[in-house]
Amino acid sequence: MAARRQRRVLSVASECAPLIKTGGLADVVGALPAALEPLGWRSRILMPAYPGLLERVGRTRRLWRTDDLFGGPACVRACRYADLDLLLLDAPHLYERDGGPYVVDGHDHHDNHVRFAALSWVGARLAIEGTSDRWRPDVVHAHDWQAGLVPSYLKYAGASTPSLLTIHNIAFQGVFGPDQLDRLQLPTWDFHPDALEYHGLVSTLKAGMVHASRVSTVSPSYAEELTSAEFGFGLQGVVAMRRDRGELHGILNGIDTRVWDPATDPVIINYSADFPEPKAANRRALLEEFSLAEPSGPLAVVVTRLTHQKGVDLLLEKLPTFIESGGAVVVLGSGDPGYEYALGELAARYPQSVGLHIGYDEPLSHRMYAGADLVLVPSRFEPCGLTQLIGLRYGAVPLVAATGGLRDTVIDANPENLAQGTATGFTFGDIDPGGLGFALGRAVDLYADTEAWSRLRSQALRAPVDWGTSAAHYVALFTELLG
Ligand code: ADP
Ligand code: GLC
């Protein structure tokens with residue numbers, strides 16, 4: 001029997017773990033290829049060659065080039081890195097600069113619209129022309145506003161390659177003025193509310209949502225929420241239009257269970273669902289690392305961007321009560337300077353009970369998940385959320401707001417679920433200080449019952465968080481797109 005031809009997907013994204021990461025988008029882009037591969041889909045990931053990346057990946061092969069990519073020469077360099085097939089867009093005039101992928105000194109790079117339109121334009125060219133090693137994708141998978149223009153460029157070129165746009169966070173929409181259309185090779189005739197226009201401006205996310213063959217987001221609940229004014233951030237009408245045509249999909253994220261594995265994680269004392277005892281040593285180590293006193297209650301962690309979305313203000317309001325009732329907390333994050341300052345004050349007020357690290361630190365995050373009893377995720381909205389999944393995997397019981405992907409992945413420890421042995425964490429529906437405070441109180445109470453807590457932790461450790469089912473959903477969708 002002839003072997004089935006392996007299918008090809010070009011994933012276009014602005015970040016990819018482990019090479020460059022500012023949040024969950026990178027985790028997803030970096031983890032999907034290994035999950036799709038056994039199902040017959042081979043991925044290549046197109047992303048910018050940010051400063052230092054070419055040195056890190058080592059030898060590359062040049063597969064495509066142009067003399068003028070929106071103002072300078074550019075080429076695509078292929079390499080294999082961390083088991084990923086990467087296509088790095090080498091365009092120094094766009095990417096060779098100080099700061100992170102999007103921001104320098106707290107401000108967006110002034111030309112982000114050009115930088116990521118260029119990424120999208122090249123994504124579309126590769127899909128149309130293929131690369132010099134004769135690779136052409138069957139499907140293009142564009143992620144978020146940074147790759148939102150890929151489907152549009154495909155459409156304007158008359159290309160037939162099907163595309164999927166995945167929305168990881170609708171709050172970021174890639175907005176710029178229509179005076180830039182010409183420069184970005186976008187047609188002014190399509191600048192109207194049914195296509196590129198968004199309240200007199202251009203939105204790359206909206207463009208992708210209109211032009212992609214299909215639109216997906218990263219959890220079923222968020223897909224539903226996105227059609228409401230509260231969660232749709234102005235784009236709810238476009239979401240509803242795609243939903244009504246049966247072209248909107250909610251596919252839950254997983255995590256890379258090879259990277260996130262308490263049984264093999266090199267930076268912790270290893271343990272597993274069947275042998276959870278060494279988790280206690282990780283807890284002690286974390287307390288020691290932050291010079292905290294042994295709490296009588298649970299040790300909670302927060303690993304997050306410090307933004308309004310993540311409910312940091314709710315934490316600031318309710319952590320004092322949690323601490324006074326016996327809890328302790330370690331926070332790792334960076335973001336809004338106001339939150340950074342307020343967290344600093346909290347740590348100064350409770351030096352024995354609050355540990356704080358402002359910054360981004362991957363190994364520390366592993367040690368925190370391993371040491372924690374609880375992971376707190378009080379987000380106002382959360383497309384999927386990965387920290388609660390990592391929490392489950394590490395037996396750090398998630399305590400989450402019941403929204404988006406958080407609602408889809410955590411089963412509340414109410415009496416019924418506890419009795420049935422299905423509970424994996426704590427959820428709260430009123431996303432306000434009262435709701436969070438009540439949930440924290442429930443966690444403190446349950447923690448006092450050692451046996452009940454150990455059962456809950458055991459359920460968390462055994463909860464499915466891998467890509468299995470969701471990868472199959474993506475494959476079913478890609479296959480459908482091929483007709
Ligand atoms: P988002 O993408 O909205 O920031 P997610 O929960 O989807 O939220 O993903 C966040 C990812 O980034 C997780 O892998 C989390 O561990 C990681 N992360 C967030 N902040 C930090 C930090 N300060 N240091 C290390 N890792 C972090
Ligand atoms: C976004 C969302 C987060 C999601 C991640 C990966 O950053 O805020 O909820 O988990 O993308 O899809």
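Q: What kinds of residues make up the shell around ligand 1?
A: The shell divides into six nonpolar, seven polar and six charged residues. Here Ala, Val, Leu, Ile, Met, Phe, Trp, Tyr, Cys and Pro count as nonpolar, Asp, Glu, Lys and Arg as charged, and the others, Gly among them, as polar.

Q: How should I read the numbering and the model?
A: Residues are numbered from 1 along each chain as its sequence is written, and chains are lettered from A and ligands numbered from 1 in the order in which they are written. The model is predicted, with local features needing pLDDT of at least 70 and side-chain atom pairs counting only at pLDDT 80 or more, while totals for chains, interfaces and linings use all residues; side-chain values use heavy atoms, leaving out hydrogens and water.

Q: Which residues come nearest to ligand 1?
A: Gly24, Asp27, Arg305, Tyr369 and Leu386, out of 19 residues around ligand 1. A residue is near if one of its heavy atoms lies within 4 Å.

Q: What is 2.8 Å from a nitrogen atom of ligand 1?
A: A polar backbone atom of glycine 359. A polar contact is a pair of N or O atoms within 3.5 Å. On the oxygen side, a backbone N or O atom of glycine 24 lies 2.6 Å from an oxygen atom of ligand 1, and an N or O atom in the side chain of lysine 310 is 2.8 Å from an oxygen atom of the ligand.

Q: How much of ligand 1 does the protein bury?
A: The protein buries 92% of the 560 Å² that ligand 1 exposes when taken alone. These areas come from the Shrake-Rupley method with a 1.4 Å probe.

Q: New topic. How many aromatic pairs are there?
A: A search of the whole structure finds 15. Rings of Phe, Tyr and Trp (its six-membered ring) pair if their centres lie within 6.5 Å; planes under 30 degrees apart are stacked, over 60 edge-to-face and the rest tilted. The pair of phenylalanine 70 and tryptophan 121 has centres 6.2 Å apart and planes at 55 degrees, so it is tilted.

Q: And tryptophan 260 with tyrosine 369, buried or exposed?
A: Both are buried, meaning under 20% relative accessible area, with exposed over 50% and partly exposed in between (1.4 Å probe, protein chains only). Their pair is edge-to-face, at 5.6 Å centre to centre and 90 degrees between the planes.

Terms used:
Polar contact = N/O pair within 3.5 Å; in protein donor to acceptor, adjacent residues only side chain to side chain.
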